[in-house]
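Work through these exercises with the sequence and the 3D view side by side. Try each task before you read its solution.

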Amino acid sequence: MDFFRIEGGRRLSGRIAVEGSKNAALPLMAASLLTDQPVTLRNVAELSDVTNMARLLDELGVKVAFAPDGVLLTSEDENRITARYDIVRTMRASICVLGPMLARRRRAIISMPGGCAFGDRPVDLHLKGMKALGAKVELRGGNIVVTADRLKGATIFLGGAFGSTVLGTANVMSAATLAEGTTIIEGAACEPEVVDLARLLTRMGAKIRGAGSPRIVVEGVEQLGGADHAVMPDRIVAGTYAVAAAMTNGDVILDEFPYDSLIAAVHYLGEIGVHVEVLAANDDRTRATVRVTSDRSLRPAMITTQPHPGFPTDLQAQFMALLSLAQGNSIITEKIYPERFLHVAELSRMGARLFRQGPTVMVAGGGELVGAPVMASDLRASACLVLAGLAANGETIVNRVYHLDRGYARMEQVLAKLGAAIERLSDSATPASEGAASAVEAASAPTSEIAASAAVPVGANRFMQDDR
Ligand code: EPU
């Protein structure tokens, strides 16, 4: 099993581009089930979740061809309707094949996704949506079995106890494109990934209004065709690297930064004392070039995770690492997944002073992070531990980085490019890639320009005493 070894205390500097969004790419790939024409997706990151989705689609009769500039998906065998447990259990996002399969193939059998590391992740709202469109939904032997003749448009309220549902909205919106008549989704998720899906579906011939707002209207059409689409940049990856720059008092330029899609996180970064300066941007600032720098001393903040445009749950863990370096006490409340705090125990092992009560954690700032062996437990918790390792005094070992590979393309190489001393090793302690290994060598014996300029004394507080 691979792990990361990080020598903390290198200030990050340099320039990187944010990769394509995982959470946009997965439902976009599933949308290929809505047509027998080829769908080309560009800017798809090399992630294990993308590979898993490709494997699932392949089993469902979609030919998936990866090329350097994109993925070509062609649904060829529409008789395959079963998404097996073996694949679904590796990735809960498998559920987003439900709507497209039902709409075009009229039947789908999907293994019921289980809970995940950070709590229950029910699919009741997805099923409620399918039923409202006229589907018969049964649970048989651990499988969800949905059948329908042609779906019929309906008005559906998709809000739940924890707000809207992102993949539920994606499923219902996708299914409604081929339904007879008009579907109105009230309480729809407003996340930018839903907007990206609506863009692809529109290119395929769907008639959709209101994506990005809580009310989406879909006029069903008889059939959809192929399309060519570039996946939006990953806002959570962008936010993670911005926090990495901030925690190391770095100076980093990020291209393809989805500024307006990340507006809540950018707002809190500003409150904390991290500057995100826009150097260039497209009209709607969904793709910007920004420079991230921070004040010498970071300020505490009070953050609550919320559906978009609120602060994203997928950045909660990373901001907890950041706030553990602030001068003062912060409060973080998790409203989307009240149990999503697996990083708390591991971050505490690195010296963070965290006090949890239910869905709220008090982060007592002003301390110093120290390197330690820690265990990654889910994707974003792992990212939080890597960030803490970058700012900590001494060596951090982050175990089980396969969680990170689900949502960050070669994270260690990206960070090494910015001057971090980080390497990927496997249990046999053999470096997994030459690039990563040489980055650590460079950082521990600075010879390159970046490594030399990055060789500042270790320790989070010491960054802050530095004269930047
Ligand atoms: N919920 C229900 N019933 C449902 C569906 C959801 O009660 O049928 C609840 C969930 O338990 C949760 C809330 O509603 O409390 C929101 O969940 P949502 O359905 O929006 O989550 P999701 O669509 O399954 C996506 C992302 C997650 C991200 C959430 C929230 C993908 C592949 N996953 O999941 O991303 O945390 O939206 O923004 O898009 C990650 O990337 O690390 C990740 C977990």
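**Exercise 1: a histidine and its surroundings**

Task: List the residues that His229 is in contact with, leaving aside neighbours within four places in sequence.

Solution. Contact means heavy atoms within 4.5 Å. By that rule, His229 touches Leu28, Thr40, Leu41, Arg42, Asp196, Arg199, Leu200 and Arg203. Before you go on, note that this is a predicted model: local features need pLDDT of at least 70, side-chain atom pairs count only at pLDDT 80 or more, and totals for chains, interfaces and linings use all residues. Residues are numbered from 1 along each chain as its sequence is written, and side-chain values use heavy atoms, with hydrogens and water left out.

His229 belongs to strand 14. Strands (E, at least two residues) and helices (H or I, at least four) are DSSP runs, numbered from the N terminus.

Now look for polar contacts: pairs of N or O atoms within 3.5 Å; within protein, one must be able to donate a hydrogen and the other to accept it, and residues adjacent in sequence count only if both atoms are side-chain atoms. The His229 side chain has such a contact with the side chain of Asp196, at 3.1 Å. Another, at 2.6 Å, links it to the side chain of Arg203.

His229 counts as buried because its relative accessibility is 2%.

**Exercise 2: the sheet**

Task: Give the strand order of the open sheet that contains four strands.

Solution. The order is 4-5-3-14, with mixed pairing. Two strands pair if DSSP finds at least two bridges between them. Strand 4 (62-67) and strand 14 (227-230) are the edges, and each pairs on one side only. Direction ignored, neighbouring strands are turned by 15° against each other on average.

Zoom in on one pair. Strand 3 (residues 39-42) meets strand 5 (residues 70-75) in the antiparallel sense, over three bridges. Here Thr40 stands opposite Leu72.

Angles run from 0 to 180 degrees between N-to-C directions; axes are lines fitted to C-alpha atoms, for helices over the stretch in contact. Helix 2 (residues 48-59) lies across strands 4 and 5, at about 145° to strand 4. Helix 7 (residues 192-203) touches strand 3 and strand 14, making about 155° with strand 14.

**Exercise 3: the cores**

Task: Find the residues with the most contacts inside the largest nonpolar core.

Solution. A nonpolar core is a set of buried Ala, Val, Leu, Ile, Met, Phe, Trp, Tyr and Cys residues joined through side-chain atoms within 4.5 Å. The largest has 78 residues, and Phe257, Phe319 and Leu415 have the most contacts inside it. Its largest share, ten residues, comes from helix 8 (residues 235-247). A second, separate core has 76 residues, including Ala25 and Leu200.

**Exercise 4: the ligand**

Task: How many residues surround the ligand, and which are the closest?

Solution. Count residues with a heavy atom within 4 Å of the ligand. There are 23, and the closest are Asp124, Thr165, Asp314, Ile336 and Arg380.

Now check the polar atoms. A polar side-chain atom of Asp124 is 2.7 Å from a ligand nitrogen. One of Asn23 lies 3.0 Å from a ligand oxygen. Val166 uses a polar backbone atom, 2.8 Å from an oxygen atom of the ligand.

Note on methods: Buried < 20%, exposed > 50% of the residue type's maximum accessible area, 1.4 Å probe, protein only. Near = heavy atom within 4 Å.
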